[in-house]
Amino acid sequence: SYRASKFFRRNKISVIAGLLIFVSLIAGIAVAMRQTGVAREQARVAAESQNFALAEAEKAKIEQVKAEKITRFMSKIIGYANPEWHAEGAKFGKDARVIDAIIDLSEKIDVEFAAEPDVAAELHHRFAFVIGPNAGSLKPGEQKSQVLFHARRALELRKQFYGEKHELVAKDMVYLYWA
């Protein structure tokens, strides 16, 4: 300690400068380590955001394809207005009504949307909703069986796709009860 105090008294400026350099070096390393941690965290957040954006873009593409399929399916209703032999409405002649087209198309839901049970369930639900009060040329017994078929099929498909506890399953249960 004697020699150290003598050295310090003789070289005060050099020792203080050395200590300041040492302290600033330690502080610089600490700041650099902190900045590295912050940069890593930001990189992780950016990667998660990118993955989320990619997943959302993929979902959007899937939803777009579904919407296009539904649009094509529902636009067939317009084809029922054409009575020519090659058109959808040929069997109705010039007397095709929208409800007749819906009843005719209802048989094709499960075939065209076999890979999308959520879409098929929604269509079955909508068809049951439409056929219910607007049976068209159906007799009351046929109307009830059509409504019950679509309501049951919607519930079955929703349970399959969403599970037992989902708001859409509850909606279909209520509608089946009403039907």
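Student: In what order do the elements of the protein chain run from the N terminus on?

Tutor: In this predicted model, the elements of the protein chain run α-α-α-α-α-α-α. The count is 7 helices and 0 strands.

Student: What makes the protein chain more spread out than a compact globule?

Tutor: The globule rule gives 16 Å for 179 residues, whereas the radius of gyration of the protein chain is 36 Å; this is well over the rule, so the chain is described as more spread out than a compact globule. Along its principal axes, the C-alpha trace spans about 115 × 40 × 20 Å.

Student: How do you know what confidence the predictor has in the protein chain?

Tutor: The average pLDDT of the protein chain is 87, and 97% of the residues score at least 70. Confidence is highest in helix 2 (residues 12-79), with a mean of 93, and lowest in helix 3 (residues 98-106), with a mean of 80.

Student: Why is Asp118 called buried?

Tutor: A residue is called buried when its relative accessible area is under 20%. Asp118 has a relative accessible area of 12%, and therefore it is called buried. Asp118 belongs to helix 5 (residues 117-131).

Student: Which residues does Asp118 touch, not counting those up to four places away in sequence?

Tutor: Asp118 touches Lys66, Arg158, Phe161 and Tyr162. Contact here requires heavy atoms within 4.5 Å.

Student: Why is Ala87 called buried?

Tutor: The relative accessible area of Ala87 is 17%, which is set against the limit of under 20%, so Ala87 is called buried. Ala87 lies in the loop between helix 2 and helix 3. Leaving aside neighbours within four places in sequence, Ala87 is in contact with Gly79 and Asn82. The C-alpha atoms of Ala87 and Glu68, 19 residues apart along the chain, are separated by 21 Å.

Student: What percentage of the 179 residues in the protein chain is buried?

Tutor: Buried residues make up 25% of the 179 residues. The protein chain exposes about 12,600 Å², of which carbon and sulfur atoms supply 62%.

Student: How far apart are the mean positions of the positive and negative charges of the protein chain?

Tutor: The mean positions of the 27 positive and 22 negative charges are 19 Å apart.

Notes:
Residues numbered from 1 in each chain as written. Predicted model: local features only at pLDDT ≥ 70, side-chain atom pairs only at ≥ 80, totals over all residues. Heavy atoms only, no water. pLDDT = per-residue confidence, 0-100. Helix = DSSP H or I, 4+ residues; strand = E, 2+ residues; numbered from the N terminus. Rg over C-alpha atoms; globule rule 2.2 N^0.38 Å. Buried < 20%, exposed > 50% of the residue type's maximum accessible area, 1.4 Å probe, protein only. Areas by Shrake-Rupley, 256 points an atom, 1.4 Å probe, with all protein chains shown as cover. Lys, Arg positive; Asp, Glu negative; His and termini not counted. Charge placed at Lys NZ, Arg CZ, Asp CG, Glu CD.
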